[in-house]
Structure formats: C-alpha cells, structure tokens
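Reader: Could you walk me through this model, please?
Author: Gladly; let us look at it together.

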Amino acid sequence: MVFCLTSEGEMVKKMVREFVENEVKPVAAEIDEKREFPREILGKMGPLGLMGMLTPVKYGGAEMDYLSFTVSVEELARGSATVAAVMMAHNCLCSSVINNFGSDKLKEKFLGDLATGRKIGALALTEEHAGSRLDIIDSRAIKTDEGYVLRGAKKYVLNGAEADVFIVFARVTPRGGGGLSAFLVERGVKGLEIGKPMGTMGLHGAGVASINFKGLVVPEENLLGGSGKGFEIAAYAWDNLKIGVAAMALGISEAAFEESVLYVNQRKQFGQVIGRFQAVQEMIAEMATKIEAARYLTYAVADKRSRGEKIRREAAMAKFFTAEAATEIAKKAIKLHGGYGYIKDFPVERFARDAWATRIMADPPQVQKALIADEILGYEEYKTLKLVEGAK
Ligand SMILES: Cc1cc2nc3c(=O)[nH]c(=O)nc-3n(C[C@H](O)[C@H](O)[C@H](O)COP(=O)(O)OP(=O)(O)OC[C@H]3O[C@@H](n4cnc5c(N)ncnc54)[C@H](O)[C@@H]3O)c2cc1C
C-alpha cells in the first residue's frame, strides 16, 4: 500500500515543520534541562489548531484525520519529544475520549477550552499493581445520592502535574458489580491530590505524576458513556495512544538520524569524513531502513483509524516496532557521535532518553508481542491484557 498524504495532510506537515524549526527546536534543550512544562509553546500551538486536532469544528477544534494528527506528532517529536508527548496525550487520551464518549453537555463544557489549549487534558488508568492489566484495577467508585465517590491512586499520568481535566478509571462497587467505568474529573475538586512531577529519565517537563482520589465526589453527569463502559473507553484510548506513541518514536528516530547524517559528513578522522567508513555507512543504512519501515507501519495504522477500521493488532505492531527502532536508532546516533554522543552539548543523548519512554508508554514491548501473538494464535490469555474488545 502506498501512502500519500492528502493536500490537507501535506499542508499540516509543512506548517508543523516550520513551527518546530522556529519555535520548538530552539528551546528543546532548555525544556529538557529545566524540566519545565512547555506552557508557552502550547499557548502558540492552540491558535494553530494543534491542541484540538481530533476535536470537531463545532466545538472549536480542527477536526483533522488521524494521518494528519500522526504527522503532526511526528514533526513535533523531531524537535522535542516532550512537546509531542504533551500534545499527543492531551488530544488522543482526553479530548478525543470526551468527544467519543461524553454527553453533549460535557462536550460543550470542556472541548472548546481543551481545543484552544486554555485547559490541558490527561488520562489516568495505570495503578501500582495494575500496569498492563485492566481486570485488577483497584480504584473504587461508590454510587451515592451526590454522585460517585472515588478512592484510589494512579501512577505515571502524562501531563498529570499540570492538567485541568482528567479522565480517570475506577471500578464501581461492589467489586465487579458495575464494572470498570470512566469519569471526568476537574482539577481543584476536593479530594483530588496531584503529585509533583516524577523524576523521569526522559520526557523532562511532560508533567508525569501520580494522582490520588481521597473520597472525591464526581457528579453523575461526569460519568463517561455509562456505568461499566470503562473497558471500551480504555481500549479506544489505548489504541489512539499506540498510534501517537508510534508517531513520537518515529519523530525521535528522524531527529537522531538527521543529526547523525550531519555529523558523519563533517567529522574527519584519518584524513576523511567518517561517513566514508564502511561500518559507519552500515549504521546509516540500517537507521534509514528502519525509519522507512516504521513510517509505513505508523501511517498505515493511522490511515486505518481514519477510515474507522479495527486497528488493535496493527496498533500494537506499529507501536512495538517503532519504539524498538527509536531506541536502537538513538543508540546508534550516540555511537556515531563518539565522545560527543555522551555530552549534553549534542542532542543525541536526549533522544536516547526520550526514545526509551516510547517503549513503556501504552505498555511495554513484551505486552504488545503477547497481544499480537495470542490474537494470531487464537489464545485467550490476551483478553486479560489491555485491551481487547469484549474483555471485562
Ligand atoms: C513516560 C510514561 C508515560 C505514561 N503515561 C501514562 C498515562 O498518561 N496514563 C496512564 O494511565 N499510564 C501511563 N503510563 C504508564 C504505562 O502505561 C505503564 O508504565 C505500562 O503500562 C507498564 O506498566 P508497569 O509500569 O506497571 O509495568 P509492569 O506491568 O510491572 O511490567 C514490568 C515489566 O514486566 C514485563 N511484563 C509485564 N507484563 C507482562 C506480560 N503480560 N507478558 C510479558 N512480560 C510482561 C515487561 O517486561 C515489563 O516491562 C506511562 C508510563 C510512562 C513511563
């Protein structure tokens, strides 16, 4: 299959690339160094439509297809994986979930502010003992006359330290009774405790944080899609996330590759540029080929998503392959830079730290492989993993 971006897609790519060259690249190292949430850049991304890419025009969004979204995340990640991660989680884990599962009232109330970037969105699913499993989520929601009372704790929430709107998952009690459900929770509500940003290895400034619910009350109208819809909603969000993470990994790979090409063409050893050495050429060729393959897998699944087709296996494949490629390509970039590869004056060590996050986000490679293989072989085990239709 050959992928051609639509003229709209080409326009978006050009626009985001220009934005990244002018606004993101110049401050990417500083964001990493200071571990600062990139508020100023997000403020500039709102008017460009990047904070409401998947949101319908009638709610103030840009209403783009998934291929345009993917290309935008890829381009942002060429400049700063942190900026790409924040934008990606905001769009595909929060706004898109509200748009697909929220009532008209919730859409009216939240989507406009999220689309402009005035509000930032996040999704909190992972728990201490429930990483890649949904059937053992421990957070509880007790139904009362005032609404649902939430108790529990979530980990590794991207944008968590800064978000204004959270999609959170809890099991409606009694145990197993109402099943897993998703709720919209606003920052500032009593009983919501937001932790400080975690000391992550990469994605500095992406506000990855833990959040706790200590008897916080969520009005009934903030229940998304009805009681027990949590599995379906998580599955939808996680599929989106895998496309977004694959796009991030692709962008990081491209950045590492571009830096490497520049470097090997100017660094001289033994009287010639190191790009002339066969061992160096081998690495360059391998990097380029992996990027090409990763791009095909990623664009293919984004295109399928745009057409409303099932993407579970393809999303797992794209995210697995692309994240592995990114870690390998970033490592090769460090090798090609010799001593400079180990020094912060050059961005390749940042690319390697950021690339590692793409392996873990939306579940680690072992889980993607288990999901892909179990589905192909017709085994049942994969139904306990995130996220297979019909699993409870
Ligand atoms: C940067 C970052 C951002 C994140 N953002 C979010 C977010 O916004 N919202 C959110 O809810 N979560 C988020 N997460 C959490 C992420 O989804 C989990 O970390 C991930 O699902 C893995 O869960 P775990 O950390 O509990 O690892 P574990 O499940 O404890 O796994 C540890 C290791 O055990 C192995 N393993 C586990 N299960 C299996 C299996 N079934 N088969 C084979 N091997 C297995 C794997 O090697 C794995 O790496 C984020 C994580 C990171 C690092």
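Reader: Which helix gives the most to the shell around the ligand?
Author: Helices (H or I, at least four residues) and strands (E, at least two) are DSSP runs, numbered from the N terminus. This is a predicted model, where local features need pLDDT of at least 70, side-chain atom pairs count only at pLDDT 80 or more, and totals for chains, interfaces and linings use all residues. Residues are numbered from 1 along each chain as its sequence is written. With three residues, the top contributor to the shell is helix 10.

Reader: Which residues come nearest to the ligand?
Author: A residue is near a molecule if its C-beta atom, placed from the backbone, lies within 6 Å of it. Of the 23 residues around the ligand, the nearest are L125, T126, G131, L158 and Q366.

Reader: How are helix 3 and helix 4 oriented, roughly parallel or roughly antiparallel?
Author: Helix 3 (residues 66–79) packs on helix 4 (residues 81–101) at about 155 degrees, with the axes 6 Å apart. Axes are lines fitted to C-alpha atoms, for helices over the stretch in contact, and angles run from 0 to 180 degrees between N-to-C directions. Angles over 145 degrees count as roughly antiparallel, under 35 as roughly parallel, 65 to 115 as roughly perpendicular and the rest as oblique. Therefore helix 3 and helix 4 are roughly antiparallel.

Reader: Which residue in strand 4 is the bridge partner of R140?
Author: Strands pair if DSSP finds at least two bridges between them. In strand 4, R140 has as its partner R171.
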